[in-house]
Structures are given as structure tokens and as C-alpha cells.
Amino acid sequence: MSRIHLATLAAVCITGVLTAGAQAQQPPTATTKVDGTDNVYIFRYVGHQSMFIVTPEGVIATDPISERRPAKPYIAAIQAITKAPIKYVIYSHAHWDHIAGGKPFKDLGATFIAQKNGKARIEELKPEDVVVPDEVVDNQRIIELGGTTLELNYVGKNHSDNMLVMRLPKEKIIFTVDWIPIQAVQFRGMADTYLPDTEAGLKKVIAMDWDKLIPGHPGPGGKQVGSKDEAVNQLAYLQDLSAAVKKAVEDGKSYADAEKEIKLPKYESWGGYGPFLPMNIERYYDFWNRGI
Ligand SMILES: [Zn+2]
């Protein structure tokens, strides 16, 4: 299987799979202002979502989320709110389902920013319809525009080696994608995910000052905004999963038996529990059995 195909698989959304039926009833796009803010919005495009911030001096947009579909609805959603120019497009991480389709933003003059490892991945694989970032972030960069401050933080490897945690310090909001879902287990076999770096990263994110999480996909019931509980609960899930799989490996269980026998009832109601828990178990089995 090609690396491109793996990356594509990794990036297919969790909740999109589970709520495809419900989403069929919804309009394909929607723009929502985040409660308690004057200028922070979520643009949802079918099962993906992206944050944008409107300031008097211009707009900071994030993931184009326009793979194999026009970016026009996202741009139209921004222009329905402001005529100020779109100054930036910031990639959450280099998975194509989130970052493809940005060319119309580029044509409007936006500066594209990604974590430096993300730019390297894009240059290496040359995915179709992904704009190569103009600028990169190493560990941190602060964007100031029209009275808004946005921090771009790199907290290490997790779901990819180039994930940014974007934080609005005044609004106490973070936007980060695919690794801290709203009430969901990890997607399939956790492709492109680094263990145990993810746990270390979650601890760093929990220690940051913020109240609201905007993830890259809506959660159960179409919920678009989570809280710090999502990060705390995801860390607990990964720790519980890791401990259960470690014990199974120590007890000499096979992959098949571990996947059949390990149940984590605390997380039974979460998205993806049925189909993806065994695949999450397989990922941790490799880690504890082989160190990979
Ligand atoms: Zn991803």
C-alpha cells in the first residue's frame, strides 16, 4: 500500500464515517460563530471543520478542507462575514483530507503556514492539489493581526510529526485536528501516530490555558466544540488502552486474543468504539510487543 494511500486512510474522519447518515440530512456546509467570541468561526464542510478568525485587518483561515471538492463555499462563507482580505491559511497537519484544495486562497494572496515537518512531507510526496506552505513554524510562532493574537504551538509528535496546536490566548480556544476528538476512540489503526509521544503531547496541551477545543471533525450529535475534558479523557483512554494491551502482551496473548478479549467499557459510548477499538489495540500491541 502506498504511503499516499496510507495517509489518505489515516485522514478519513472518524465521525464522518459514523454519522454519515445523519449528515446526509444536513446541508453540506455551515458557518457557526463560536459562543462567547465576536470573531471566531467554524466552517463545516460535510464531515470536516476548520476555524477562521475575522479581524479588521484581515482573516486568519486554517485548513482548506477542500479535497476533491471546490474551496469556493469556504471562501464564500468568509466573504459573507467580511470583505477584509484572507491573509493566512494555516495547516493543522499534513494530511490531505484537511489541507488539500487551498489554491483559490493562494490566488487571493494568502500566506500559507505549516509546521516545518509538514512542509517537508508535502514536498516529498507532492500530493495533488495541496499548496506548498510559504512559511514554516518550528516550535512556536505568534501571529498578530488586527488585534487578535494566535499562537501556533508544536508539542511534539502525535497524529503525525507536524501537528500544530493553534491557541487563541484571549479567547481561550484551541484548534487542533484528529488526535483529540470529541468522545471518540482513535481512528482505525492509528496510522501516522507516534506512541508514547501522543500521551506526552496531551499532557502539554492539558497544561495550557484554554477552555474550548475546536477539533477537525464534529463529534457525536454534530457537536462542534469540546472542552478540556476531551483532552483529559483522551489521555485516560490511551493510558487505559496501553495498560490493558501491555498486560495482554505480558500474559502471552496473541494479537487475535488481545483484540477479542480487551474491552474498555468506560468508553463504550464513544464514537468508533465498536469498529476501531480492536485496531487501536493492534497498534498498542505492536508497541508493547516489538517497540514499534
Ligand atoms: Zn489526520
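Which backbone nitrogen does a side-chain oxygen of glutamine 115 reach at the start of α7? The structure is a predicted model, in which local features need pLDDT of at least 70 and side-chain atom pairs count only at pLDDT 80 or more, while totals for chains, interfaces and linings use all residues. Residues are numbered from 1 along each chain as its sequence is written, and side-chain values use heavy atoms, with hydrogens and water left out.

The nitrogen in question belongs to asparagine 117, and the side-chain oxygen of glutamine 115 comes to within 2.7 Å of it. Helix α7 spans residues 116-125; helices (H or I, at least four residues) and strands (E, at least two) are DSSP runs, numbered from the N terminus. Gly118, Lys119, Arg121, Ile122 and Leu125 of this helix are buried, where buried means under 20% relative accessible area with a 1.4 Å probe, protein chains only. These residues lie on the same side of α7 because they cover an arc of only 160° around the axis, the arc being that of the directions from the helix axis to the C-beta atoms. Just after α7, lysine 126 has a positive phi of about 45°.

The zinc ion has His93 (NE2), His95 (ND1), His159 (NE2) and Asp178 (OD) as its protein donors, at 2.1 to 2.2 Å. Donors are N, O and S atoms within 2.8 Å of the metal (3.2 Å for Na, K and Ca); water is not among the atoms, so sites may look incomplete. The spacing of the donor residues in sequence is H-x1-H-x63-H-x18-D. Histidine 93, in the loop between β5 (86-90) and α5 (96-99), and aspartate 178, in the loop between β11 (173-175) and α8 (197-207), are 85 residues apart and link distant parts of the chain. Both histidine 93 and aspartate 178 are buried.

Six strands form an open sheet with mixed pairing, in the order β8-β9-β10-β11-β12-β13; two strands pair if DSSP finds at least two bridges between them. The edges are β8 (140-145) and β13 (226-227), each with a single partner strand, so one side of each has no neighbour in the sheet. Strands β11 and β12 (residues 212-214) run parallel and are joined by three bridges. Phenylalanine 175 has isoleucine 214 in β12 as its bridge partner.

Conventions:
Buried means under 20% relative accessible area, exposed over 50%, partly exposed in between (1.4 Å probe, protein chains only). A polar contact is a pair of N or O atoms within 3.5 Å; within protein, one must be able to donate a hydrogen and the other to accept it, and residues adjacent in sequence count only if both atoms are side-chain atoms.
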